[in-house]
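Subject: Structure for you to look at

Hello,

Here is the structure I promised. Please open it alongside this email and follow along.

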Amino acid sequence: MKEELERCKPWIEAALKYSGGTHDWIDVCEGIYKGTMQLWPAKDSCLVTELITYPRTKVCNVFLGGGTLPEIMGMHADVVAWAKAQGCSALTMTGRFGWKKPLAENLNFLHQFVAINKRC
């Protein structure tokens, strides 16, 4: 796992630049090692997911992603199958606005809400 995580580090760090400062590299490593986050390594890409349990549903959130878009899109079916096996009713994705179009057009994601923030 450590070798794969290190190999994926450039993609993860690039995605973290768009995370709003919620996590850094160490936080992601700790989450993966503790099992609260999942690393999905591929040849030229990776995803990081997390399971979120709400009072009425459980979702798999694609928290970070980087690498080649076709390869990332190709990981979709495996992530969905895994999420269903974990008892999730939905797959969500948080990320920059550039993800909206390819996810909607190719994987039937729906624009559900907008998250905005203001630094205090």
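In which strand is the place of Ser 45? Ser 45 sits in strand E2.

Before the details, a word on confidence. This is a predicted model. The protein chain has an average pLDDT of 87, and 79% of its residues score at least 70. Among its elements, strand E1 (residues 37–41) has the highest mean pLDDT, at 98. Helix H5 (residues 100–107) has the lowest, at 63.

Back to Ser 45. Is this residue buried or exposed? Ser 45 has a relative accessible area of 0%. The cut-off for buried is under 20%, so Ser 45 counts as buried.

What is around Ser 45? Beyond its neighbours within four places in sequence, its contacts include Cys 8, Trp 11, Trp 40 and Glu 71. Thr 68 is in contact too. There, the side chain of Ser 45 reaches the backbone nitrogen of Thr 68 at 2.8 Å. Look also at Pro 10, which is 35 residues away along the chain. Its C-alpha atom is 9.7 Å from that of Ser 45.

Now the strands. E2 (residues 45–53) pairs with E3 in the antiparallel sense, over nine bridges. A hairpin of four residues links E2 to E3. Find Leu 47: opposite it in E3 stands Gly 65.

E3 also pairs with strand E4 (residues 90–93). These two run parallel, joined by four bridges.

Why is E3 (residues 58–67) largely enclosed by the rest of the structure? Because eight of its ten residues are buried.

Best wishes

Notes:
Residues are numbered from 1 along each chain as its sequence is written. This is a predicted model: local features need pLDDT of at least 70, side-chain atom pairs count only at pLDDT 80 or more; totals for chains, interfaces and linings use all residues. Side-chain values use heavy atoms; hydrogens and water are left out. Buried means under 20% relative accessible area, exposed over 50%, partly exposed in between (1.4 Å probe, protein chains only). Two strands pair if DSSP finds at least two bridges between them. pLDDT is the predictor's confidence in each residue, from 0 to 100. Contact means heavy atoms within 4.5 Å. A polar contact is a pair of N or O atoms within 3.5 Å; within protein, one must be able to donate a hydrogen and the other to accept it, and residues adjacent in sequence count only if both atoms are side-chain atoms.
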